[in-house]
Amino acid sequence: MKKLLYPLTLLLTIGLLLQNLPIQVQAQNQTYQNKFKQLKDELATPNVYRTASGAPGHQYWQQKADYDIQIELDDQKHRIDGTETITYTNNSPDELSYLWLQLDQNVRAKDADSYKVETSTPLSIKSMGSKAFLELHNDFEGGFNIEYIKDRSNRNLKYTINQTMLRIDLPQALKPKSSFSFQVKWWYNINDRIEMGGRSGYEYFEKDDNYAYTIAQFYPRMAVYNDYEGWQNKQFLGTGEFAVPFGDFKVNITLPADYVVAATGELQNSSSVLTSEQRSRLQKAKTSTEPVLIITQAEAEANESSRSTQKKTWHYKANNVRDFAIAASRKFMWDAVGVPLGGKTVIAQSLYPKEGNPLWGQYSTKVAAHTLRTYSKYTFDYPYPVATSVHAKSMGMEYPMICFNFGRPDEDGTYSEYVKYRMIGVIVHEIGHNFFPMIVNSDERQWAWMDEGMNTFLQYLTEQEWERGFPSRRGPAYKMVDYMKSHHKAMVPIMSSPNTVPQLGNNAYGKPAVALNILRETVMGRELFDYAFKTYAQRWKFKHPSPEDFFRTMEDASAVDLDWFWRGWFYSTNHVDIAIETVNHFRVNSFDAEIEKPLTKSEDLFLEENYISNIRNKTSTPETVVERDPSTHDFYHEYDKYEVTSKDKLNFSSRKNRLPQKAQDIMELDWHYYELTFSNIGGLVMPLILQFEYADNTTKTIRIPAEIWSKNTERITKIFPSEKEVISISLDPYFETADTDTYNNYWPRKSTTSRFHLYKNKNPLSNGRNPMQEQGGN
């Protein structure tokens, strides 16, 4: 290649029909940063627990917490009373003198820091009905009430509560490979979730005087102790979610006998709580290809009017899960279907009140089953026996094997496209959370993007496999442009604690999902990305990965250096704005005097005849001295410097013959050469995707890796040879890099749709209309 470049450089410098068509772009001042520097300083040093390849090390360990829980739900007082025995196993090499438990319900205590640190918006009449305003007059008695903590010998243990964390001081240090069991008794008041918000609580249905409970964070639970952070005991302030160890659960749930209960794990006493007909239907569902109703709408509606004074206890068991959640109501209907996965059948099921129909009966369980199949394809076969979607107004929240999802039609049963697609999307998202973080168990409190971003990315793939053209909210690069443009206002690095992020949806969900989609479609390609992503998921299922483990695995399994990508997309607030700054069109000198001299004459005369002074002088000076006085004429008055002489022919031929034969052969091809200069205005280095349109109406796409910026991250120049004349060039023609200014992506420049129309009105489904209702459909 170097042998070829030298003569071409020579030809282009001596040569020339030059069409210089500059397009100037003013780049912002950027201080020098090595955007391709390896992340040695940012990443933790590999060790025997976590390797440089991103895999768990040969001495990797993690703790285990097993629970035996008994709770009773009082639907008159809206209160939960519970006792639990926790068996904590220390698999670390460290002696532990104390244990930390999480008291998440304390986020609702009257003196909680979550209220104190919450900032306010200006007061107005409109804001007076908001949850934020009502919290200023909060009289809810929230939070755990701990009655005792005792060891197995019934001796009181010393403990200290600090907001949402509780420390148990052990009577003796817990040695490695040892276990410690203790008992906790507690109670708390259940919040009205519709009035107060939150991840759990109850919804009241005034028409039939019933409740639907979605119960989570209902028990004091162990915090994570790991190899790189020790105890993860950062306070729960409401935004940063959860970090929880794996364990086995036995949970007994006692409540009025006419309630239907769904929970994490498998029901152990169906013969005591379900009718024989319901058990038969559930058995039939396991082999059915369509959802089977376990509790019909008629049965659920009949149950709504029941007010049993008796109690029932539902026994659930779940192994190797990190958490436990419950849903309970008299109103629930229930459908289920079997999903063959990895040589076993998983039950996908939904529980919902009549208010959820017809949407929920038609879609929920089918969407859940589709999600299990699609996520399993990209990660690992879903390992749990069941996945449950529960209807919950204005809520989307995930727990192992169970999730709570919004999406409610209008009272007449009609619904808008917006409601339909948002419901399908949230079910995909929350069922998908079984994979991230319920199985690939990252630290949500510190790194929200590790579950929300990865899950949103897979949600996008799943939605597109559900329906072609599904109106996904997040995933495509072009849908992140508005946020990427706000780098000076709302954007913080993805690698930020969720409690410090102004726009968590964009920062932890949208931007990481777009980044992964760009890796898959643009940087790595689908085959390399899918293999590396699946490798990460399989390496870290049922373990606790860190960001380093993900970054390193993606590189290790693909042989693609991605440090520049992690640095730009995850550690900075730079955005993508790459411009075609100038385009110069060259043709090679033919070294034929009879061609070159007329061309030179044509260029010279064009400039001379069109220069403004020469045009005006024809009027102001009708006749010059030389034109009036023949005595001023000499040899050069008649001499034509553009005339081709025999000496010209000899000189041109001689110069041509001095070139290497390969250069002479290339010269005969008479190609076009386009010198393009690119400016990196936004700061993020990215691959260059260029589409050339030719005079014969054909096109060609050229993809150049991001390493083209490795020696100069602000401005680069590259020559593109072409057999055909180019009439236009487009940068990022498939909108795959989240470029924030497409106007400077074209040569020649062309007008683009304004950002207001292209992005501000980006979701036509959310305009509040319900065409089904307007046209009397159902």
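How many of the 778 residues of the chain count as buried? The share is 53%, where buried means under 20% relative accessible area, exposed over 50%, and partly exposed in between (1.4 Å probe, protein chains only). The model is predicted, so local features need pLDDT of at least 70 and side-chain atom pairs count only at pLDDT 80 or more, while totals for chains, interfaces and linings use all residues. Residues are numbered from 1 along each chain as its sequence is written, and side-chain values use heavy atoms, with hydrogens and water left out.

The overall outline comes first. The C-alpha trace of the chain spans about 130 × 65 × 55 Å along its principal axes. Its radius of gyration is 35 Å, whereas a compact globule of 778 residues would have one near 28 Å; the radius is taken over C-alpha atoms, and the globule rule is 2.2 Å times the number of residues to the power 0.38. The secondary structure amounts to 23 helices and 31 strands, with helices (H or I, at least four residues) and strands (E, at least two) being DSSP runs numbered from the N terminus. Contact here means heavy atoms within 4.5 Å. Among contacts between residues at least 6 apart in sequence, 76% join residues at least 24 apart.

The crossing of α10 with α12 is right-handed; a crossing is right-handed if the near helix is turned clockwise from the far one by less than a right angle, and left-handed if anticlockwise. On the α10 side, the residues that meet α12 include W449, M454, F457 and L461, and their partners in α12 include Y509, P512, L516 and R520. By class, this contact of α10 with α12 has 10 nonpolar, three polar and two charged residues, with Ala, Val, Leu, Ile, Met, Phe, Trp, Tyr, Cys and Pro counted as nonpolar, Asp, Glu, Lys and Arg as charged, and the others, Gly among them, as polar.

Helix α8 (residues 359–378) also meets α10, with axes that come within 10 Å and cross at roughly 115°. This crossing of α8 and α10 is right-handed. Among the α8 residues involved are Y363, V367, H370 and Y378, and the α10 residues they meet include L458, L461, E465 and W466. The contact of α8 with α10 divides into seven nonpolar, six polar and three charged residues.

A further helix, α14 (residues 547–556), is mostly covered, with nine of its 10 residues buried. The buried residues of α14 include F550, F551, R552 and M554, and they pack against α10, α12, α13 (526–540) and α15 (563–570).

Two individual residues show how buried positions are surrounded. D451 is found in helix α10 and counts as buried at 0% relative accessibility. Not counting residues up to four places away in sequence, D451 touches E241, E398, H433, F436, P437, S442 and E444. A65, in strand β2 (residues 64–74), is also buried, with a relative accessible area of 0%. Leaving aside neighbours within four places in sequence, A65 is in contact with T87, Y88, M222, P245, F246, G247 and D248. The C-alpha atoms of A65 and N320 are separated by 9.5 Å, although these residues are 255 apart along the chain.

Most residues other than glycine have a negative phi, and most peptide bonds are trans. Another cis bond joins W747 and P748, with omega about -10°; P748 is placed in the loop between β31 (746–747) and α22 (755–760). M401, which is not a glycine, has a positive phi of about 70°; M401 lies in the loop between β23 (396–399) and β24 (402–405) and is buried at 2% relative accessibility. F735, not a glycine either, has a positive phi of about 55°. F735 lies in the loop between β30 (726–731) and β31, and at 41% relative accessibility it counts as partly exposed.

Key: Axes are lines fitted to C-alpha atoms, for helices over the stretch in contact, and angles run from 0 to 180 degrees between N-to-C directions.
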